[in-house]
Amino acid sequence: MSPSTHFTLNTGARIPAVGLGTWRSEPGQVREAVSFALKNGYTHIDAALIYGNEHEVGQGIKDSGVPRENIFITSKLWNTHQANVAEGLQKTLEALGTDYLDLYLIHWPVRLVANESSALLPVNPDGTRAVDRSWDQNETWRQMEEVYKSGKVKAIGVANWSIPYLEELKKKWTVVPAVNQVELHPFLPQHALKGWCDKQGILLEAYSPLGSEGAPLMSDSAIQEIAKKNDVSPATVLISYHVNRGVVVLPKSIKESRIVSNGQIVPLSQEDMDTLNGLAAQGKAKRINTPLFGWDLGFDDWYKQ
């Protein structure tokens with residue numbers, strides 16, 4: 001049985017199971033990558049203001065010639081705009097050259113306060129991040145619900161939110177997040193988080209599905225064995241793992257051959273899935289992306305697998 005090509009959000013909208021990630025895609029390259037992807041079967045682009053390339057992402061969308069209504073576009077509210085969601089959203093809409101987003105996420109459950117050091121990554125005089133520890137994330141979500149009601153975003157959600165943060169948000173939300181985008185791969189399966197989100201009707205999205213640069217996933221013997229058995233590459237196994245698991249996956253690349261291959265999803269047997277789901281518990285648990293915000297974001301299940 002072929003894996004799903006789309007999943008359904010709790011809004012009723014359909015989201016493509018595979019999207020092109022644009023994090024760390026360099027200016028001068030991301031425009032061509034986005035255009036190529038859309039011309040070659042992709043219909044889902046994942047962007048963010050902090051990536052610093054949304055203008056070029058928008059140019060790539062335009063270059064592709066694909067009608068806007070045929071593309072699912074996601075972006076994210078950056079930390080320094082948490083006190084003014086509408087302003088952050090407007091910057092993204094202008095950069096991307098669109099009047100609405102299909103999905104808008106709170107990028108992190110952390111508010112940063114812009115100062116003279118930086119508008120996006122401000123630091124205190126001692127070099128630590130300029131974090132507002134008193135900020136109530138429920139206020140950010142309230143504003144997210146307002147832009148959702150305005151029609152400028154068709155769905156809202158979060159990114160990098162752990163169970164404790166989600167439980168606090170649940171106390172006051174009136175709109176359930178449609179998505180939680182987090183780092184996911186067989187070395188960081190986050191089973192507890194997936195179970196919690198499944199019960200709430202929140203779809204998980206996986207970034208860094210290949211483990212990012214320097215991660216040992218591609219060379220892992222168990223993953224290589226599954227790839228050999230299915231006559232595909234380890235990358236195809238790692239990307240397909242998520243779709244087989246009911247998770248949206250966001251591989252990123254600027255190379256045309258990899259963009260094409262990253263979009264090819266294969267079915268994996270229950271035996272293969274059990275093996276992949278169990279790797280972290282064998283002492284292979286590894287988190288790749290750990291921003292230095294200076295406090296515990298509540299992700300503790302990844303090292304308890």
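Tutor: Axes are lines fitted to C-alpha atoms, for helices over the stretch in contact, and angles run from 0 to 180 degrees between N-to-C directions. Helices (H or I, at least four residues) and strands (E, at least two) are DSSP runs, numbered from the N terminus. This is a predicted model, in which local features need pLDDT of at least 70, side-chain atom pairs count only at pLDDT 80 or more, and totals for chains, interfaces and linings use all residues. Residues are numbered from 1 along each chain as its sequence is written, and side-chain values use heavy atoms, leaving out hydrogens and water.

Student: At what angle do the axes of helix 8 and helix 10 cross?

Tutor: The axes of helix 8 (residues 234-244) and helix 10 (residues 270-278) cross at roughly 100 degrees and come within 11 Å.

Student: What makes helix 8 roughly perpendicular to helix 10?

Tutor: Angles of 65 to 115 degrees count as roughly perpendicular (under 35 is roughly parallel, over 145 roughly antiparallel, the rest oblique). The crossing is at roughly 100 degrees, so helix 8 is roughly perpendicular to helix 10.

Student: Which residues make the contact?

Tutor: Contact means heavy atoms within 4.5 Å. Helix 8 supplies Val 237, Tyr 241 and Asn 244, and helix 10 supplies Met 273, Leu 276 and Asn 277.

Student: Why is helix 8 called largely enclosed by the rest of the structure?

Tutor: Buried means under 20% relative accessible area (exposed is over 50%, partly exposed in between; 1.4 Å probe, protein chains only). Nine of the 11 residues of helix 8 are buried, so helix 8 is largely enclosed. Among them are Ala 235, Leu 238 and His 242.

Student: What do the buried residues of helix 8 pack against?

Tutor: Their partners include strand 1 (6-8), strand 9 (203-207) and helix 7 (221-230).
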